[in-house]
Amino acid sequence: MGYLIAFISFFKLVPIVLGQIKNINKYKKRKEIINYVLNKPGCTPSEISKGLNISRGSVRYQLKALKGEEKLTLMSGGKFTRAFQNSYVLTNNEKIMIAHLKGDTRKQILLNILENPGITNQEISEKLSLDKSTTHWHIKKLREDDIIISEAEWKFTKYIINPAVEPDLLKWLKT
């Protein structure tokens, strides 16, 4: 009779033990994701998935859970969602800056404007071998977030980096 009770008890405990193992794995993934985001602020779920070898669906689920726990903040910009540590280390402007610098084209445009203040859309397009419409679209996004300022001069529009964000831009370009 004692063996029967032990046998039945064992099968009642199995789901509890397996549930605890699942929880341990879930929290392990969350910790890995948090560490990844700390090291690479502004990363996308796709980057996290590739970097940690976790499925995208699982990463999205964990990011939502971490956002709910207020450990991460998620920022949507265009077609990308970017993850940031939920601490007050980064200002909202810095998060926006990082998001813009993650895109190679915008980063190149910003570098060109930094190196050549007063550069025009056409000059940027020629230097980067881009269509004018593509350059215009990226510049529009940078202007909307007050990263660059436009100055009309005759029939040309010239672009400069907003002096208020230039120190942050230089800081994040170095990293």
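Contact, as used here, means heavy atoms within 4.5 Å. This is a predicted model, in which local features need pLDDT of at least 70 and side-chain atom pairs count only at pLDDT 80 or more, while totals for chains, interfaces and linings use all residues. Residues are numbered from 1 along each chain as its sequence is written, and side-chain values use heavy atoms, with hydrogens and water left out. The chain holds eight helices and five strands; helices (H or I, at least four residues) and strands (E, at least two) are DSSP runs, numbered from the N terminus.

**Overall organisation**

- Along the sequence, the elements follow the pattern α-α-α-β-β-α-α-β-α-α-β-β-α.
- Of the 175 residues in the chain, 34% count as buried; buried means under 20% relative accessible area, exposed over 50%, and partly exposed in between (1.4 Å probe, protein chains only).
- Among contacts in the chain with a separation of 6 or more, 50% come from residues 24 or more positions apart.
- The chain exposes about 11,600 Å², of which carbon and sulfur atoms supply 55%; accessible areas come from the Shrake-Rupley method with a 1.4 Å probe, and for residues only the protein chains shown count as cover.

**Helix α7**

- The buried residues of α7 are T135, H138, I139 and L142.
- Seen down the axis of α7, these buried residues fall within an arc of 100 degrees, so they line one face of the helix; the arc is that of the directions from the helix axis to the C-beta atoms.
- An α-helix has 3.6 residues a turn, so residues three or four places apart point the same way.
- The cover over the buried residues of α7 includes α4 (92-102), α5 (104-115), α6 (121-128), β4 (148-153) and β5 (156-161).
- Just after α7, D146 adopts a positive phi of about 60 degrees.

**Nonpolar cores**

- A nonpolar core is a set of buried Ala, Val, Leu, Ile, Met, Phe, Trp, Tyr and Cys residues joined through side-chain atoms within 4.5 Å.
- The largest such core has 21 residues, and those with the most contacts inside it are L101, L110, I113, I147, I148, I161 and L169.
- Helices α4, α5, α7 and α8 (166-174) and strand β5 each supply at least two residues of this core, and α4 gives the largest share, four residues.
- Leaving aside residues up to four places away in sequence, I148 touches L110, I113, I139, L142, R143, Y159, I160, I161 and N162.
- A second, separate core of 11 residues includes V37, V59, L63 and L72.

**Strands and sheet**

- Three strands form an open antiparallel sheet in the order β3-β5-β4; two strands pair if DSSP finds at least two bridges between them.
- Strands β3 (119-120) and β4 stand at the edges with a single partner strand each, so one side of each is left without a neighbour in the sheet.
- The antiparallel pairing of β3 and β5 runs over two bridges, and the bridge partner of T120 in β5 is K158.

**Loop residues with positive phi**

- Most residues other than glycine have a negative phi.
- N53 has a phi near 55 degrees; N53 lies in the loop between α2 (45-52) and α3 (56-68) and is exposed, with a relative accessible area of 74%.
- S129 also is not a glycine and has a positive phi of about 55 degrees; S129 is found in the loop between α6 and α7 and is exposed, with a relative accessible area of 67%.
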